[in-house]
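User: I want to check the wording used for a sheet. Please set each term against its cut-off.

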Amino acid sequence: ASGTLYTYPENFRAFKALIAAQYSGAKVTVDSSFVFGETNKSDAFLKKFPLGKVPAFESTDGKCIFESNAIAWAVANEQLRGKSPMDQAQVVSWMNFADNEILPASCTWVFPCLGIMQFNKGNTERAKEDIKKALAALNSHLLSRTYLVGERISLADITVCCTLLHLYQYVLEPSFRKPYQNANRWFTTLVNQPQVKSVIGEFKLCEKMAQFDN
Amino acid sequence: ASGTLYTYPENFRAFKALIAAQYSGAKVTVDSSFVFGETNKSDAFLKKFPLGKVPAFESTDGKCIFESNAIAWAVANEQLRGKSPMDQAQVVSWMNFADNEILPASCTWVFPCLGIMQFNKGNTERAKEDIKKALAALNSHLLSRTYLVGERISLADITVCCTLLHLYQYVLEPSFRKPYQNANRWFTTLVNQPQVKSVIGEFKLCEKMAQFDN
Amino acid sequence: MALELAQENIWFDKWRVDDAEREFYENKSM
């Protein structure tokens, strides 16, 4: 599906769909006139996207889709979605793994470093433990695999990778990420793919764990 | 896919897969020897399901799937998943809508009423507002539709319905749910389907909003 | 059921995170 994507810049959720489109060849244009906080509160926008959230996608034939995983699915191709129902189930599983096991802890840990949220020591320590568990599960799965599902890149890789961007950029310093060599290999391979680079730019791995920015 | 489902009883997440299997004809057996808190902490279980969470599913040909939406996808059929990629994208969208827009607020509101969480007035009031927004979006979508995606029941209906069970059972009393007649119609239709009833039993709509149980 | 539900991992703080994220990016946009 081709169409228009509404998002603010540097939105890791929007990256999922944009990267998927790079692989599938779907023509996805980011609306350059979109102003977050204004456009998504307008009547015209809310008529199409009642929750007013982004990213939001309108296909060239007028279909409106919200929820970043769904948009990525819509602009993907069969290889990215999974060729068999079981492969698709695995893709859905990793998409949900990213949203349930990584994202909450990532936000808790990283947002205070970006000045988005207040710092809370207890929550941050718990988030670090949650991330260790998630990385361990990822690492173990990737022991003998190049990609999360099947033998080629899929939406599983794209969505999990995008959800890990903040962590690998800001807080997973070398000593912290050292136990997860398979995950590190997999992540580094992905962010250096031309299709991914064309969306996220040159990616710099964390050298020193960011701290709370007051 | 047929296989074994590991879960504790009355788990709304497990209901998704069990209801999907009723529609698709997949043979899904709930492991009756599973003891939550014990079995899912055993080495054998963690070898297959490293995060130790339920529901978890092992297909008859040995594939292990976690995340309830993924299990439901695996045991579903083409109609339930969506016949076209765009329909599938809409199904994924509603699955995520349930997890992102309904579930956190539902638990915040209902758990104190079940005596498993402390009551916090501010959080509960916020949760009620979030639920109103979610129900409004659902209600508006169902103005002229019988099902969420396409002309027949899909995983979109099943997953959203299961995520709403606690709300409609404990807190959405008649006056609160009155503005959402389309959503109420859709929900009531679903819980009375034989395939749904055979999993969740006879469903009793909330008559009086449950309050905090000290 | 209640005992098992109590062990479920729910993102209760999601609304707080969503609000903060939204405000941050709205300010950045405007």
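What follows takes the strands of a predicted model in turn.

User: What makes β1 and β3 of chain A a pair?
Analyst: A pair needs at least two bridges. Strand β1(A), residues 3–6, and strand β3(A), residues 56–59, are joined by four bridges. The count meets the cut-off, so they are called paired. They run antiparallel. Y6(A), for one, stands opposite A56(A) in β3(A).

User: Why are β2 and β4 of chain A said to stand at the edges?
Analyst: The open sheet has the order β2-β1-β3-β4, with mixed pairing. β2 (28–30) and β4 (64–66) of chain A each have a single partner strand, so one side of each has no neighbour in the sheet. From one strand to the next, the twist averages 25°.

User: How do you know that β3 and β4 of chain B pair?
Analyst: The cut-off is at least two bridges. β3(B) and β4(B), residues 64–66, have three bridges, in the antiparallel sense. They therefore count as a pair.

User: In the hairpin of β3(B) and β4(B), which residue takes a positive phi?
Analyst: G62(B) does, with phi near 85°. Four residues lie between the strands.

User: Why are both faces of β3 of chain B called covered?
Analyst: Buried means under 20% relative accessible area. A56(B) and E58(B) on one side are buried, and so are F57(B) and S59(B) on the other. Each side has buried residues, so both faces are called covered.

Methods: Residues are numbered from 1 along each chain as its sequence is written. Chains are lettered from A and ligands numbered from 1 in the order in which they are written. This is a predicted model: local features need pLDDT of at least 70, side-chain atom pairs count only at pLDDT 80 or more; totals for chains, interfaces and linings use all residues. Side-chain values use heavy atoms; hydrogens and water are left out. Helices (H or I, at least four residues) and strands (E, at least two) are DSSP runs, numbered from the N terminus. Axes are lines fitted to C-alpha atoms, for helices over the stretch in contact, and angles run from 0 to 180 degrees between N-to-C directions. Buried means under 20% relative accessible area, exposed over 50%, partly exposed in between (1.4 Å probe, protein chains only).
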